[in-house]
Amino acid sequence: MYVPKRLYPEKKDWFGSVIPARLDYPVNMDLVKKYYHVTENPEESDCVLIFVSGPDSGIGYSHEDAASGENGFVPISLQYRPYQAEFAREQSIAGDRSYKGKTVRTTNECDLDLILDTKELMKDKPVIVSLLLSNPVVVAEFESQMEGLLVNLGVYRIKPCWISLAGKQNLPDYSLSKCRPICGRWSSNSKMWHTIYSVIRIQQAMPTTSLMG
């Protein structure tokens, strides 16, 4: 098993203090080694387990946007690459809080790069992604580059390692949004919920890597 290090980019906390960037293992490797034979050389591994977090674009408010004369409200992205709120409401329910047309970037876009770069490195070897979620996420950006997805809701960080790659089957699917425009249209018009909102169920190529919460 190969577990790549994760880049934790520089970011600001709720109080505006800067958290320095660092490159480190995303889990306690001593615990991982209790379940798998771990190698630091991807060429020697049979598969890879990548730990990432869901897209983080902030809390939905930008002081920079407010300072420029706008209302300060910006979209919360469900994807890693820059997102423009093309399908948001013209007028927000709460008044002047619309962010239609505004663009945001995530602080952890490098998580997507980690998945894509690791897949290229591993070639045809299985890639399993453990995704730590606090918000919904659109997986279309990397769905085709993985063989299995473990949804980690933060209850127990090492929980993905409990899944044996030798025969754990029939775990429940976890529904995720198909694409970001669908989410935008649905949120801007609740009457379209039954006709526009759709979900995908990530189908694992290996019967041993079903989704879990």
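Among contacts in the protein chain (heavy atoms within 4.5 Å) between residues at least 6 apart in sequence, 64% join residues at least 24 apart. The model is predicted: local features need pLDDT of at least 70 and side-chain atom pairs count only at pLDDT 80 or more, while totals for chains, interfaces and linings use all residues. Residues are numbered from 1 along each chain as its sequence is written, and side-chain values use heavy atoms, with hydrogens and water left out.

The secondary structure of the protein chain comes to 5 helices and 11 strands. Helices (H or I, at least four residues) and strands (E, at least two) are DSSP runs, numbered from the N terminus. Of the 213 residues in the protein chain, 40% are buried. Buried stands for under 20% relative accessible area, exposed for over 50%, and partly exposed for values in between, with a 1.4 Å probe and protein chains only.

**The sheet**

Three strands form an open sheet in the order E5-E8-E9, with parallel pairing; two strands pair if DSSP finds at least two bridges between them. Strands E5 (48-53) and E9 (148-152) stand at the edges with a single partner strand each, so one side of each is left without a neighbour in the sheet. On average, neighbouring strands of this sheet are turned by 20 degrees against each other, direction ignored. Axes are lines fitted to C-alpha atoms, for helices over the stretch in contact, and angles run from 0 to 180 degrees between N-to-C directions.

| Strand pair | Sense | Bridges |
|---|---|---|
| E5 and E8 | parallel | 6 bridges |
| E8 and E9 | parallel | 5 bridges |

Strand E8 covers residues 127-132, and 5 of its 6 residues are buried. Towards E9, Ser130 stands opposite Leu150, and Leu131 has Val151 as its bridge partner. In a regular strand the side chains alternate between the two faces of the sheet.

Gly148 is placed in strand E9 and counts as buried, at 2% relative accessibility. Its C-alpha atom is separated by 6.4 Å from that of Val129, 19 residues apart along the chain.

Helix H3 (residues 109-122) lies across E5 and E8 and runs at about 170 degrees to E5. The loop between H3 and E8 holds Lys123. Most residues other than glycine have a negative phi. In Lys123, however, phi is positive, near 60 degrees. Lys123 counts as exposed, at 61% relative accessibility.

**The largest pocket**

The largest pocket has a volume of about 800 Å³. On a 1 Å grid over the protein atoms alone, a pocket is an open set of points where a 1.4 Å probe fits, with protein on both sides within 12 Å along at least five of seven lines; lining residues have an atom within 4 Å of a point. Grid points are joined across faces, edges and corners, and the volume is the space filled by probe spheres set on the points.

The pocket is lined by 21 residues, of which Lys12, Ser57, Gly58, Ile59 and Tyr61 are the closest to its centre. Strand E2 (11-12), helix H2 (63-67) and strand E7 (103-104) are the elements that give two or more residues to the lining. The lining divides into 6 nonpolar, 8 polar and 7 charged residues. Here Ala, Val, Leu, Ile, Met, Phe, Trp, Tyr, Cys and Pro count as nonpolar, Asp, Glu, Lys and Arg as charged, and the others, Gly among them, as polar.
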